[in-house]
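Here is a protein model with a ligand. Look it over before reading on.

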Amino acid sequence: MAKIGILGCESVTNEMNCVMIGCLGNLRSREGLFKDYPEDDPPELVGIINCGGCPTAVGSDRIWQKVQALVDYGVNAIHLSSCLVQLCPFKDAFITTIQTDHPDIKVVEGTHFFHDEDAFKTGVKELLSQRVVTPQRMNDLVFKRIKLPDEKS
Ligand code: SF4
């Protein structure tokens with residue numbers, strides 16, 4: 001049985017509240033980038049790590065300890081989440097960090113396919129900039145314009 005880990009994007013997980021439904025759904029049904037695992041010997045998900053946030057150009061080794069934690073449980077492969085593959089400027093550096101010390105671990109670039117990659121990127125851009133639906137901020141409290149929910153009795 002293949003033991004696998006998933007390396008996800010911290011921004012997508014923490015800023016956009018992604019629950020990895022696409023990654024995990026495709027894993028369960030052995031679709032997307034999990035389709036090559038045999039039906040009679042499905043992969044075991046050992047764990048999910050994420051990058052820890054955008055590193056500097058020389059900071060990709062920040063995932064090293066996290067990868068090591070997966071290695072301790074004998075992973076054979078690490079899937080980069082499809083968000084990371086589509087969005088991350090450090091993708092290749094992360095792959096180098098993994099494969100330099102662990103050339104035996106297979107790195108798979110992706111977890112699931114997108115119906116429309118351009119629409120996905122456009123949507124993420126808005127999620128990050130929040131131009132259309134602006135969330136409330138500390139200044140709304142400071143300037144006494146904050147909107148509050150009706151109090152429950
Ligand atoms: S480094 Fe890449 S994977 Fe990590 S938060 Fe930044 S864009 Fe996402």
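Predicted model: local features only at pLDDT ≥ 70, side-chain atom pairs only at ≥ 80, totals over all residues.

Residues are numbered from 1 along each chain as its sequence is written, and side-chain values use heavy atoms, without hydrogens and water.

Start with the ligand. The residues around it (a heavy atom within 4 Å) are Cys-9, Glu-10, Ser-11, Cys-51, Gly-53, Cys-54, Pro-55, Leu-84, Cys-88, Phe-90 and Phe-94. Eight of this shell are nonpolar, two polar and one charged. Nonpolar here covers Ala, Val, Leu, Ile, Met, Phe, Trp, Tyr, Cys and Pro; charged covers Asp, Glu, Lys and Arg; the others, Gly among them, are polar.

A core joins buried Ala, Val, Leu, Ile, Met, Phe, Trp, Tyr and Cys residues through side-chain atoms within 4.5 Å. Buried means under 20% relative accessible area, exposed over 50%, partly exposed in between (1.4 Å probe, protein chains only). This core has 23 residues, and Leu-7, Ile-63, Ile-78, Leu-80, Phe-94 and Ile-98 touch the most other members. Beyond its neighbours within four places in sequence, Phe-94 is in contact (heavy atoms within 4.5 Å) with residues including Leu-7, Ile-63 and Leu-84. A second, separate core of nine residues includes Ala-2, Met-20, Leu-27 and Tyr-37.

Finally, find Ser-81. Is Ser-81 buried or exposed? Ser-81 is buried, with a relative accessible area of 3%. Leaving aside neighbours within four places in sequence, its contacts include Leu-7, Cys-9 and Thr-111.
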